[in-house]
Amino acid sequence: MKAIDGLLLKMELRRGVRGVLVWTLAISVAIVLVIALYPMVIDMYAAIPPEFADLMRAFGGIPDTIVDYYASEGGMMLQLFGAIFAALQGFGAINRDERERTAESLYVLPRTRGTFFRTKLLRVTIEVLAFAVVCALASVLGFAIVGEPVDYGPFFTFSGLNAVVLLMFTWLSFAMACLMKTNAKPMSAIAVPFTLYVISIIALATDDAILDTLKYLTPYTFADPIEILKSDYAFEWISFTVYLGLTTAGTVLAWRAFAKREFLG
Amino acid sequence: MNVITVNGLRKYYGAARGLEDATLDVREGEIYGFVGPNGSGKTTLIRILAGLIRASGGSASVFGLTPGPDSARINADVGYMPGESFFYPELKVREVLGFFAAEHGVDLARRNELAGILDLDLGKRIDALSFGNRKKVGIVAAMLHRPKLLLLDEPTTGLDPLVQRLFLDILREEQKRGTTVFLSSHNLGEVERVCDRVAIVREGRIALVTTISDLATRKHKKIVVTPPRDLILDGLERRGGTATESYYEYRGETEALLRLLADADVRDVVIRDATLEELFIGHYGRGDGR
């Protein structure tokens with residue numbers, strides 16, 4: 001029994017390369033542009049009325065440095081769009097073959113369901129990691145273009161944790177695809193990162209203690225760019241542990257479902 | 001030795017029946033037809049054998065192994081062709097078949113040989129292929145690795161008559177090499193040309209397992225004559241009628257029948273081959289003679 005089917009991995013990576021490139025380039029270019037705009041937006045921030053500046057405090061306040069600015073603009077954008085990309089990739093790894101009806105040709109190859117499962121999961125892991133690395137490098141390029149000093153320690157901490165969040169979304173949406181019916185729409189995968197993003201925004205904006213606990217329901221909390229890049233940072237273990245558990249449980253359930261999954265063509 | 005053994009196999013899709021109590025065996029080296037109308041359960045059985053879906057009850061074995069848990073081992077020696085062949089749409093035929101050849105660990109000579117026989121353009125993209133040409137890709141993909149067993153779901157549907165004949169010739173060649181073939185069809189002529197035995201399936205149940213020679217003895221023509229006439233000829237049997245037409249079954253030379261009809265002062269005649277269901281009407285237990 002093969003742990004991974006190298007030929008299938010190569011084929012799947014090849015088939016996915018165009019989509020990955022489009023997403024990666026689009027988000028990377030957007031990040032570079034957002035960072036490169038920093039010298040121009042400093043003046044805009046200076047003109048913001050004090051009452052509006054108070055409102056912005058929940059979302060990182062008026063940035064003092066380029067890293068502050070990156071945290072509230074580039075970092076949050078990267079996280080939301082990255083999570084949507086990750087969810088679509090994870091879901092599509094299973095769903096695409098069923099939608100395109102290639103499953104009936106693929107799953108009769110002499111490989112175990114386990115080999116298919118691991119190979120497909122590895123493929124999306126590679127794709128999403130590549131996306132996260134290129135986007136982080138694009139951020140570095142943006143900083144280099146502006147030419148302001150940057151403390152790269154917190155930046156790389158954020159980039160690493162952001163990659164973990166993206167992988168969690170990838171694996172969770174992969175699990176969703178295994179647990180849902182074969183005719184499920186890929187857009188249903190987006191509902192998870194988007195809803196959790198809204199929850200994290202509510203938790204971030206509120207002064208209410210009960211609503212504040214919502215932050216533990218979202219993985220964005222332990223990789224919050226504002227927390228990591230702007231203030232005294234303490235790792236958010238609860239949110240991390242909740243999502244590590246959910247991802248692990250989801251993957252185990254997904255495996256059990258995939259092993260019995262019926263491919264109806 | 002049996003290559004396929006199916007015993008009391010059932011499959012339900014929720015409340016909908018797929019297959020009901022199917023029992024059959026396929027011997028090594030034979031071409032076995034699984035014949036019945038659309039929706040009778042043919043595809044369901046083939047998908048269970050290929051390990052794509054699980055049975056709701058009963059048992060099935062291929063090479064003595066259980067489809068599903070043992071499908072990785074079984075499928076090393078199986079060539080499966082679905083009713084509609086779908087492959088990676090953005091790739092060329094050459095790349096898709098190259099991938100399947102590599103997955104089975106065989107070189108590309110067989111791909112090129114089969115593509116040549118079937119006149120398949122390897123340079124075309126899959127999404128640019130017609131239904132029939134995608135079917136040809138399915139045939140090549142199923143036969144690339146010279147499997148011991150071919151599971152073919154309606155293999156000739158959508159192929160033009162010339163390619164159908166070529167394909168049936170290929171099947172006979174494979175049989176000479178010892179390959180076992182299990183094919184589903186609703187085309188009696190195709191089954192007659194190539195199969196050794198057939199199972200007739202209807203509404204999920206196997207109505208009859210028989211040989212092709214038995215099938216041939218049952219073959220007859222159905223005739224509707226307007227207005228009603230009393231016709232007498234060896235092999236011609238009246239099977240009822242109405243005020244406006246009479247129904248006959250005929251086993252014999254067509255020429256003699258045509259001569260009789262020419263002299264019978266009839267306004268209209270319909271002559272057709274009996275359908276599969278009509279051939280086995282005794283087993284199916286219904287029909288009105290037309």
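**The interface of chain A and chain B**

Modeller: Across the interface of chain A and chain B, the rule finds 14 residue pairs in polar contact, both residues being at pLDDT 80 or more. A polar contact is a pair of N or O atoms within 3.5 Å; within protein, one must be able to donate a hydrogen and the other to accept it, and residues adjacent in sequence count only if both atoms are side-chain atoms. Three elements of chain A give two or more residues to the side that touches chain B: helix H1 (6-36), helix H4 (66-99) and helix H5 (103-106). Helices (H or I, at least four residues) and strands (E, at least two) are DSSP runs, numbered from the N terminus. H1(A) gives the largest share of that side, 6 residues. By class, the side of chain A that touches chain B holds 14 charged, 11 nonpolar and 4 polar residues. Here Ala, Val, Leu, Ile, Met, Phe, Trp, Tyr, Cys and Pro count as nonpolar, Asp, Glu, Lys and Arg as charged, and the others, Gly among them, as polar.

This is a predicted model: local features need pLDDT of at least 70, side-chain atom pairs count only at pLDDT 80 or more, and totals for chains, interfaces and linings use all residues. Residues are numbered from 1 along each chain as its sequence is written, chains are lettered from A and ligands numbered from 1 in the order in which they are written, and side-chain values use heavy atoms, with hydrogens and water left out.

Now the extent. In contact (heavy atoms within 4.5 Å) are 29 residues of chain A and 26 residues of chain B. The area buried between the chains is about 2600 Å², and carbon and sulfur atoms give 57% of it. Buried area is the accessible area (1.4 Å probe) that two parts lose on being put together, summed over both.

Next, the charges. The rule finds 7 salt bridges across the interface of chain A and chain B. A salt bridge is a side-chain nitrogen of Lys or Arg within 4 Å of a carboxyl oxygen of Asp or Glu. One joins Lys11(B) to Glu262(A), at 2.7 Å from N to O. Over all chains, the whole structure has 40 salt bridges. Among them is Arg111(A) with Asp5(A), whose closest N and O atoms are 3.0 Å apart. Arg111(A) lies in the loop between H5 and H6 of chain A and Asp5(A) in the segment before H1, so the pair ties together parts 106 residues apart in sequence.

Last, confidence. The predictor gives the complex an ipTM of 0.86 and a pTM of 0.88. pLDDT is the predictor's confidence in each residue, from 0 to 100. Chain A has a mean pLDDT of 91, with 96% of its residues at 70 or more. Within chain A, confidence is lowest in helix H3 (residues 50-56), at a mean of 68, and highest in helix H6 (residues 113-146), at 97. For chain B, the mean pLDDT is 91, and 96% of its residues reach 70 or more. Over residues 284-290 of chain B, the pLDDT is below 50; this stretch has 19 contacts in the model beyond near neighbours in sequence.
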